[in-house]
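Subject: Structure handover and notes

Dear colleague,

Please find the structure for your review just below.

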Amino acid sequence: MSTPFTISADFIADHNAPLENATTEDYDALKRALARQGIDAEVLVEKVMAFGVAIPTWGVGTGGTRFARFPGPGEPRNVFEKVDDCAVIQRLARATPTISPHIPWDKVDDYTALREQAAAQGLAFDAVNSNTFQDQPGQELSYKFGSLSHTDASVRTQAIAHNVECIEIGRKLGSKALTVWIADGSNFAGQSNLTKALDRYIGSMREIVAALPTDWRVFLEHKLYEPAFYSTVISDWGTSFAVAQELGPKAYCLIDLGHHAPNVNIEQIVARLVRFKKLAGFHFNDSKYGDDDLDSGSVEPFRLFLVFNELIDADRRKAEGFAPAYMIDQSHNVTDPIESLVQSAIELQRAYAQALIVDRAALEAAQEANDALAAHLELKRAFTTDVSPLLAVARMRAGGAIAPIAAYRASSYRARKARERPIVGGTSAGIV
Ligand SMILES: [Mn+2]
């Protein structure tokens with residue numbers, strides 16, 4: 001088999017060449033403006049260069065809804081090809097050095113080979129995602145009526161064993177965390193005993209936690225509704241937090257931005273979980289109505305900024321146990337997934353950089369003086385600062401593309417993949 005086509009460092013350098021002067025000019029102007037506020041742009045560039053968010057393996061395939069999926073050309077057909085796409089995203093934007101695998105979709109015979117293939121392209125593996133929300137071919141017992149909270153102990157045992165297997169696979173890949181999201185819930189009032197279902201879930205999770213290696217964490221992902229539409233066992237951050245408390249120091253609460261009731265103050269949830277040392281990290285996406293899994297920063301960039309504002313606040317005061325894991329969790333239905341993931345990573349960097357330029361002392365002074373407008377205007381000043389030149393310089397210095405989407409399109413990567421990867425049935429892409 002010939003070596004798969006990829007986007008080379010030389011190609012990116014050639015694409016950058018005609019853009020470098022203008023980028024530097026814009027950056028220098030921003031640098032001067034920030035210096036007048038006492039902010040060192042060079043420090044910001046270094047921080048942005050160190051920012052990393054994981055790409056989930058399923059994200060590089062076209063997503064879909066429960067109505068249809070419209071696959072695009074050249075989609076990855078297995079996890080090795082997914083790693084190749086993740087490597088291209090990293091080369092272009094230099095913001096996604098890790099991959100979050102999904103079991104069983106990414107099961108292979110040789111995990112050492114998978115780990116080495118990723119490492120050869122500068123990538124490492126992040127949290128492993130288990131799947132007890134669908135049945136697999138040959139699976140003995142069905143998850144139709146639940147998994148870790150199922151009424152039948154033998155189904156729970158099977159679901160626990162799957163999570164333990166995920167931990168074992170994750171160890172081989174170099175992961176340090178397991179993310180557990182269950183679809184368990186009910187569609188009818190009375191269908192499920194709400195108390196017993198949660199008790200069964202906690203009992204199952206205790207066994208999974210007991211199987212975690214010493215240096216591992218487990219991330220509990222809550223979700224308000226879907227696929228269950230009447231009740232969901234782990235429905236909200238309160239339930240997630242209470243369960244994490246019962247499960248002990250290895251259990252943390254993961255925030256998927258789309259998994260909340262409409263209009264919930266997500267940044268406040270972030271602050272609460274940091275306060276109680278239970279913030280696992282994030283699944284980043286955006287939403288308009290529900291769990292839309294739209295691209296990060298595409299609908300409510302101010303909300304994303306406010307989330308990062310809380311993260312920077314926690315980081316600055318060295319909040320105990322603060323070590324959030326970042327992953328993008330989106331469903332790309334109408335775009336090339338590589339383009340969406342590149343741009344989303346940049347939008348996360350943007351929110352991060354904007355939150356970094358908030359004058360914390362001025363904000364605190366305004367808060368302490370109950371000067372509501374001054375406090376708000378400090379946040380707005382940071383949010384309305386165009387940090388694009390700073391992000392471009394961070395990418396350029398890291399070897400990435402100044403204009404990543406344009407470089408990607410000019411590379412013909414997708415067309416090359418369409419020839420290299422003839423369509424086969426059953427490729428896994430999903431929404432978690
Ligand atoms: Mn998620």
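A residue is called buried here if 20 or more other C-beta atoms lie within 10 Å of its own, exposed if 12 or fewer, and partly exposed in between, with the C-beta atoms placed from the backbone. Helices (H or I, at least four residues) and strands (E, at least two) are DSSP runs, numbered from the N terminus. This is a predicted model, in which local features need pLDDT of at least 70 and side-chain atom pairs count only at pLDDT 80 or more, while totals for chains, interfaces and linings use all residues. Residues are numbered from 1 along each chain as its sequence is written.

With those terms in place, strand β9 is mostly covered, since six of its six residues are buried. Both of its faces are covered: A251, C253 and I255 are buried on one side, and Y252, L254 and D256 are buried on the other.

As for pairing, two strands count as paired if DSSP finds at least two bridges between them. Strand β7 (residues 217-221) pairs with β9 in the parallel sense over four bridges, and in this pair F219 has Y252 of β9 as its bridge partner.

Strand β10 (residues 279-284) has six of its six residues buried, so it is largely enclosed by the rest of the structure. Strand β10 pairs in the parallel sense with strand β11 (residues 325-328) over four bridges, and F284 stands opposite I328 in β11. The chain reaches β11 from β10 through helix α10 (residues 301-316), in another β-α-β crossover that is right-handed.

F276 lies in the loop between α9 and β10, and it is partly exposed, with 13 other C-beta atoms within 10 Å.

Turning to helix packing, axes are lines fitted to C-alpha atoms, for helices over the stretch in contact, and angles run from 0 to 180 degrees between N-to-C directions. The axes of α10 and helix α11 (residues 337-356) come within 8 Å and cross at roughly 55°. That angle makes α10 oblique to α11, given that angles under 35 degrees count as roughly parallel, over 145 as roughly antiparallel, 65 to 115 as roughly perpendicular and the rest as oblique. Helix α3 (residues 41-50) packs with helix α14 (residues 388-397) at an angle of about 60°, with their axes 9 Å apart, and α3 and α14 are therefore oblique to each other.

Finally, for the record, UniProt lists residues 109-293 as "domain: Xylose isomerase-like TIM barrel" in an unreviewed entry; its positions are given in the numbering used here, feature names are shortened, and annotations may be inferred rather than shown by experiment. In the model, that span is 37% helix and 16% strand, and its end C-alpha atoms lie 31 Å apart.

Best regards

Definitions and conventions:
Right-handed = clockwise from strand over helix to strand, strands pointing away.
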